[in-house]
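Have the view open and follow along.

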Amino acid sequence: TYGDALGVAFQIVDDLLDYGGTAAVIGKNTGDDFRERKLTLPVIKAVAKADAAERAFWVRVIEKGQQGDGDLEQAIALLVKHGAMADARREALAWAATAQAALAALPDHPLREMLHAFEGAGGRSFPTLVRHAEERWASFPVLGAEWALKTGNDAIMEQTRAMLLPE
């Protein structure tokens, strides 16, 4: 569904921003996921292409949590070396395209157009989309809008519109 696909796209972008965003843009410190030992999609992709020494590094820093000075920088270098960031970005864009395609099955309605604009149509870049979503819209109203359009429930459509576009 639209909400599922867009949620996956957002999560992947969040994973990417953790290794390449700035604190002012993403609202958290770069490398927080790394320090919290989160096995994110970029890390999974880098581990899949890693040699034995690189896999040992990932086991030490992510699985065992033994992190030291320079480890975040080494992790970023490995992500870049193996194209993990670019691969994850392509997956995020594919999930966003899946979300956009899911909208085509929904009836024509102003909420559908809001969802279409929300998920990045009209020239919005993915980082802008993520920042906008984190600042303003929770996933609940997005999923509610999709459900309202599918069921034709006017009351839910109006409540969802009000949540997405507060006065």
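This is a predicted model: local features need pLDDT of at least 70, side-chain atom pairs count only at pLDDT 80 or more; totals for chains, interfaces and linings use all residues.

## Helix α1

Let's begin with α1, which covers residues 2-20. This helix has 19 residues and spans 27 Å from its first C-alpha to its last, close to the 27 Å expected at 1.5 Å a residue. Because 14 of those 19 residues are buried, α1 is largely enclosed by the rest of the structure.

## Where α1 meets α4

Next, look at how α1 sits against α4. Their axes come within 8 Å and cross at roughly 75 degrees. An angle of 65 to 115 degrees counts as roughly perpendicular, and α1 and α4 therefore fall into that class. On the α1 side, the residues at this meeting are I12, D15, L16 and Y19; on the α4 side they are L41, P42 and V43.

In soluble globular proteins, nonpolar side chains tend to be buried together. Here the largest nonpolar core holds 14 residues, and the members that touch the most others are Y19, F34, F57, W58, V61, I62 and L79. Two or more residues come from each of α4 (41-49), α5 (52-63) and α6 (71-81). A second, separate core has 8 residues, including F10, A99, L106 and L115.

Setting aside neighbours within four places in sequence, V61 contacts F34, R37, Q66, Q67 and D71.

## An aromatic pair

How many aromatic pairs does a search of the whole structure find? It finds 1. The partners are F57 and W58, arranged edge-to-face at 5.2 Å centre to centre, with 70 degrees between the planes. Both F57 and W58 are buried.

How values were computed. Residues are numbered from 1 along each chain as its sequence is written. Side-chain values use heavy atoms; hydrogens and water are left out. Rings of Phe, Tyr and Trp (its six-membered ring) pair if their centres lie within 6.5 Å; planes under 30 degrees apart count as stacked, over 60 as edge-to-face and the rest as tilted. Buried means under 20% relative accessible area, exposed over 50%, partly exposed in between (1.4 Å probe, protein chains only). Helices (H or I, at least four residues) and strands (E, at least two) are DSSP runs, numbered from the N terminus. The expected span of a helix is 1.5 Å times one less than its number of residues. A nonpolar core is a set of buried Ala, Val, Leu, Ile, Met, Phe, Trp, Tyr and Cys residues joined through side-chain atoms within 4.5 Å. Contact means heavy atoms within 4.5 Å. Axes are lines fitted to C-alpha atoms, for helices over the stretch in contact, and angles run from 0 to 180 degrees between N-to-C directions. Angles under 35 degrees count as roughly parallel, over 145 as roughly antiparallel, 65 to 115 as roughly perpendicular and the rest as oblique.
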